Amino acid sequence: MHKASTDNQEIKLLVLDIDGTIAGHSNHINGRVQEVISAVQAKGVKVAIATGRMYCSALRFHQEIGSTLPLVAYQGAWIQDPNTGKIHRHLPVSREIAYKLLEYFEQPDLRSLLSVHFYINDQLYVREITQETASYQERCGVTAIPVGDLRQVLLNYEPTKVLALCDDANLIQQLLANLRRQYPPTEVYMTTSVATFLEVANTDVNKGNAVRYLAEEMLGLESHQVMTIGDNFNDVEMLSYAGIGVAMGDAPAEVKALADWIAPNVESDGAAVAIEKFLLN
């Protein structure tokens, strides 16, 4: 990626992904990362979270870093200020597309292989609690609501996000390729946040658009004044948008190729290393 050179003193906004970026296997922010975030805030740099997680699941991370900005959840489909409760943006998947996706995921040869999650009003609805859903609940600290037929929740609501997960990353890639042939980017946004999560959102949703909203509309900044750090395909847009886009050491090769710098991995506190290099030296 070739961007105009960015004076590191110009960076006024730092946006961080959670999983694989500031939280690793422990599901917590390590002390060193926390300290470095506090140090850049003390210098006047605003720090925000942008995650694919549910708002309720991401909230503790937002609070731990003491962010004063709205929290970007669901890849940017839901942007809410925890301090005021104000929802700045909510862009759901249309009911029509949600129905079609459900039909696709519930084909006889796929139904038993996939766990399908619908996110509505910051709650998680599922057909049944599968092993994958149970693991997801534990990691994210949420309780899924099993409803049997997911069509019934679409009668009154449109989902913020649709997620299909299974433990076969190759199958997820195959489904993603198939669905991208059926649905152009003008209809839906599709990505993977981890190799086993296929995520579908409104066509106007991605972390790049969300970071642009925080930077330009809320803070009056320009892209060259922004630094972002992420580790997966759902971070690509915000890495491309920012003056400094940093990919974590264990990011997929295609994500690293778009970054301005590659940090060590999450278990080596790579986010702290990157922040020190660019914002504290």
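Modeller: In this predicted model, the lining of the largest pocket takes at least three residues from domain 1 (13-90 + 205-280) and at least three from domain 2 (95-202); the domain bounds come from an automatic or database domain assignment. Residues are numbered from 1 along each chain as its sequence is written, and side-chain values use heavy atoms, without hydrogens and water. Local features need pLDDT of at least 70 and side-chain atom pairs pLDDT 80 or more, while totals for chains, interfaces and linings use all residues.

The volume of the largest pocket is about 700 Å³ (the space filled by probe spheres set on grid points joined across faces, edges and corners). A pocket here is an open set of points on a 1 Å grid over the protein atoms alone, where a 1.4 Å probe fits, with protein on both sides within 12 Å along at least five of seven lines. Its lining residues have an atom within 4 Å of a point.

There are 30 such residues, and D19, R139, V194, T196 and F197 are the closest to the centre of the pocket. By type, the lining has nine nonpolar residues, 10 polar and 11 charged (nonpolar: Ala, Val, Leu, Ile, Met, Phe, Trp, Tyr, Cys and Pro; charged: Asp, Glu, Lys and Arg; polar: the others, Gly among them).

Two or more lining residues come from each of α5 (131-140), β9 (161-165) and β11 (197-202) (DSSP runs numbered from the N terminus: helices, H or I, at least four residues; strands, E, at least two). Helix α5 gives the most, with six residues.
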